[in-house]
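Q: I would like to learn how to read some features of a protein model. Could we go through them one at a time?

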Amino acid sequence: MGGFCCKTSAKEPKKLVYSWVERKHLDPADYVMENLNGCTAYKSPGSIGGQQFVIRNCQDSNIYLLDHTSSVTVDDCQRCTIVIGPTKQSVFVRDTIDSTVVVACDQFRVRDCASLKISLFCSTQPVIESSRELQFSCYQFYYNQLADQFVKANLNIWNNNWRTVYDYTWNEGDNWTVNEEPIIVELSDQLNKYGITSESNKSIVPLTKCNQQSEENCFVAFGYETEASRFVQALQSHVI
């Protein structure tokens, strides 16, 4: 009686890789700008990568976050220009005065602020509280990576509620106004390599006005968002 045997090679069990092992180490200091005075500071595209960010206690400075974030808080800043890239959730500005803020986000809130110029894209109704002398205008901005960052932040350029401000302290006076003319932001030459500009003819967000009423109206439908963007750009180029 004979017999035979065959040699088999046992497969090694698949190695489990956990999310906290794959996640790269994050240094909290990379996501904070604070105590700046009289200087220009910026975060380049890809340097934030959808993380939270904090700006606080800055004076007479120009601050640019040229990347998408999850949320941003701005606290205790004076006489600053602050540009914030597409933000998936909320931007909260507190205790800030005499500054210009350029921001695109899902939710926008201002509390205890004064004398702010705000160039805004907001998917929901902006909210202010205990603030005065706020001037809102439609977000008009561009840099080379901005369109892709809007997508990563889940922001739709056609859904901008910049002018529908809700004031929790409306009974304290006329705390805010809207300006149909876009805010022109002075930009550092250091940013030229990113193609950055606040000129309306390059903005990826359509310019919308406060008064939408007109004696003449037309309805135009598009199959794709890119077609709508090209139509708006062509229309703007022919406006006298």
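This is a predicted model: local features need pLDDT of at least 70, side-chain atom pairs count only at pLDDT 80 or more; totals for chains, interfaces and linings use all residues.

Q: How many disulfides does the structure hold?

A: A disulfide is a covalent bond between the sulfur atoms of two cysteines. Here the number of disulfides is 0. C77 takes part in none, and the cysteine sulfur nearest to it, that of C58, lies 4.5 Å away. C113 is also in no disulfide; its nearest cysteine sulfur belongs to C77, at 9.4 Å.

Q: Why does 4.5 Å not make C77 part of a disulfide?

A: The two sulfur atoms of a disulfide must lie within 2.5 Å. The sulfur of C58, nearest to C77, is 4.5 Å away, so C77 is in no disulfide.

Q: Is C77 buried or exposed? And is C113 buried or exposed?

A: A residue counts as buried when its relative accessible area is under 20%. C77 has a value of 0%, so C77 is buried. C113 is at 3% relative accessibility and therefore counts as buried.

Q: Which strand pairs with strand 6, and in what sense?

A: Pairing is read from the bridges between two strands. Strand 6, residues 81-94, pairs with strand 7, residues 97-111, over 10 bridges in the parallel sense. Within this pairing, V101 of strand 7 is the residue opposite I82.

Q: How many bridges join strand 7 to strand 8?

A: There are 8 bridges, and the two strands run parallel; strand 8 covers residues 114-122. A104 has F121 of strand 8 as its bridge partner. Strand 7 also pairs with strand 9, residues 127-129, through 3 bridges in the parallel sense. There, R111 is bridged to E129 of strand 9.

Q: Which residues of the largest nonpolar core touch the most other members?

A: In soluble globular proteins, nonpolar side chains tend to be buried together. In this structure the largest nonpolar core has 34 residues, and those touching the most other members are I55, V103, F108, V110, L120 and F136. Several strands, including strand 3 (53-56), strand 5 (72-75) and strand 10 (132-138), each supply at least two residues of this core. Strand 7 gives the largest share, 5 residues.

Q: What does L120 touch?

A: Leaving out residues up to four places away in sequence, L120 has contacts that include V103, C105, F108, P126, F136 and W162.

Key
Residues are numbered from 1 along each chain as its sequence is written. Side-chain values use heavy atoms; hydrogens and water are left out. Buried means under 20% relative accessible area, exposed over 50%, partly exposed in between (1.4 Å probe, protein chains only). Helices (H or I, at least four residues) and strands (E, at least two) are DSSP runs, numbered from the N terminus. A nonpolar core is a set of buried Ala, Val, Leu, Ile, Met, Phe, Trp, Tyr and Cys residues joined through side-chain atoms within 4.5 Å. Contact means heavy atoms within 4.5 Å.
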